[in-house]
Amino acid sequence: MTDNVYSTICPGCNFGCGLYIRENGALEVDFRKSSPTNAGKLCRFGMSLPKFFAPAKSIVDGKETTLEEAAKEATKRILASKGSVAFLSSGNTTSEELLAFQKIAESYLCTGVNFEALPKDTYQTVSVGIPYSDIESAKHIVLFIDPYEQYPLIVRRLLSAKNKGAKITAVWWKDLPLADENIRLNDVSKLHLTKESLIIADFHPFSDAEQVKSVLTLAKNAGAKVTFLKPFANSTGAYILAKDAKQKSLAQLIDDINKGTIKTLFALESDPSALIPSEMLSKLTNLIIQTGQAVSAKANIIVAHEPLYKKKGTLINNEGRAQALGGAGTNGLGALGIIAGTKFDFNALHESVKKAIGITAVDEFTIPKYERPAYGAIQAAPKPMEAKPALIDVYNPFMWFNLADDNDFVELNLNTVRALKLLKGGTLKIKSNGSAVEKKFKVAPVQDNVLLTGRKFGIEKGILTPVEISR
Ligand code: SF4
């Protein structure tokens, strides 16, 4: 038997790493050295892709069925729930599917982020990043992320900049080994920016809008460059294609589910259990998920189609680079057509995608020219952190996709270890709102009163959870 080999893009984040997926009974990952974004390198999530691509099955109320039957049943329930249906997609699929999805979702579209809270003239700056080569040639780089944990492939670009003499400042809860200067978020006034500075932050469903505005303001006041990395493949496509659409924020969606004004949720290639608390999801009459790989949310209907690597279509990475997927599958588009009551033409959608980003052909070696218009002054009021213990989730691809990960510990500093008289090799009790977990800990140069983790423990209230800690 000949192996099927697909030249594709990693779905783990919007960095857009190229790779090959080989089907030879089991799935294997091969390196694609010619990929302009990552030259073949992959982070540990990229290497775990065979686990990520666990196949999905079409299901209606617990019974296995065909994609077509599941899509027809989804259509019935969406029509019966008219006026109380929301549509959620944070990317994770082709731009062609996202355009089709937007047509269905006109009444209530949510791309998972809080655009509502941002001035419209900042959308383009937040949506499309800058070429990674600009990072390598920067003189001063300011990190509002932990690159090792969140977007590991950026580390190579940062090290290359450093080798060329760049200074790196980290504004983070923990000292980062590659930074020449470490500043805590509460001390951001100590940050010295110039026109030569380049700020790297990120933008995702749980981004604090005030913090995003504050980063935009810092960049504007200094004339510095700014780029926002994003956690989901093709988030940039989702944002720029929907920039003129009326969107609801994730917070609004959760509120509307809670109030009962949204009773049916249709999620495209986005596992709502990673974004919406389970007690809210259980309030829905219908949770419908269209997906290419198994999800952990308990859905009434699952419309299962081919995984991303088998799809035909275009992804746009954080630089704005259009990248073609190497598959031929259009089952996902077909299912969206059943739900829309129309037949979507891939070629017509593809032309619209190219037009939207101003290109005539998809060429991963050329980054289209994007306008990044100047934006006006912004009022920002990020909340300073209180001097109480807090558990801070450092979002990473494993966490977003609910994929098992070995890093089951928290990081804390020596002051906290001494104050609590923690024992070497022992554990730490962490309590939040009546729930408690006991976790291993690692000593690291973390801010006082901060526990950092790359895992979800089920007691979180968002990125920052006030907690009580004890031995
Ligand atoms: S950095 Fe992002 S796109 Fe690249 S391999 Fe890791 S998860 Fe995938």
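The sections below treat the model, the domains, their interface and the cavities.

## Model and domains

The model is predicted, so local features need pLDDT of at least 70 and side-chain atom pairs count only at pLDDT 80 or more, while totals for chains, interfaces and linings use all residues. Residues are numbered from 1 along each chain as its sequence is written, and side-chain values use heavy atoms, with hydrogens and water left out.

The chain is assigned domain 1 (4-50), domain 2 (55-373) and domain 3 (390-470); such bounds come from an automatic or database domain assignment. Between the C-alpha centres of domain 2 and domain 3 the distance is 27 Å.

## Interface of domain 2 and domain 3

Contact (heavy atoms within 4.5 Å) links 19 residues of domain 2 with 18 residues of domain 3. The two domains bury about 1,700 Å² between them, 62% of it from carbon and sulfur atoms; buried area is the accessible area (1.4 Å probe) that two parts lose on being put together, summed over both. Glu149, Trp173 and Lys174 supply 38% of the area that domain 2 buries against domain 3, more than any other three residues.

One salt bridge is counted between domain 2 and domain 3, the term meaning a side-chain nitrogen of Lys or Arg within 4 Å of a carboxyl oxygen of Asp or Glu. Lys174 forms a salt bridge with Glu411, with 2.9 Å between the closest N and O atoms.

## Cavities

A cavity is a set of points on a 1 Å grid over the protein atoms alone where a 1.4 Å probe fits but cannot get out. There are 5 cavities of 30 Å³ or more. The largest cavity has a volume of about 90 Å³, a volume being the space filled by probe spheres set on the points. Its lining comprises 13 residues (those with an atom within 4 Å of a point), of which Cys10, Cys13, Phe15, Cys17 and Cys43 are the closest to its centre.

Methods: 1 Å grid on protein atoms, 1.4 Å probe; cavity = no way out; pocket = protein on both sides within 12 Å on 5 of 7 lines; lining within 4 Å.
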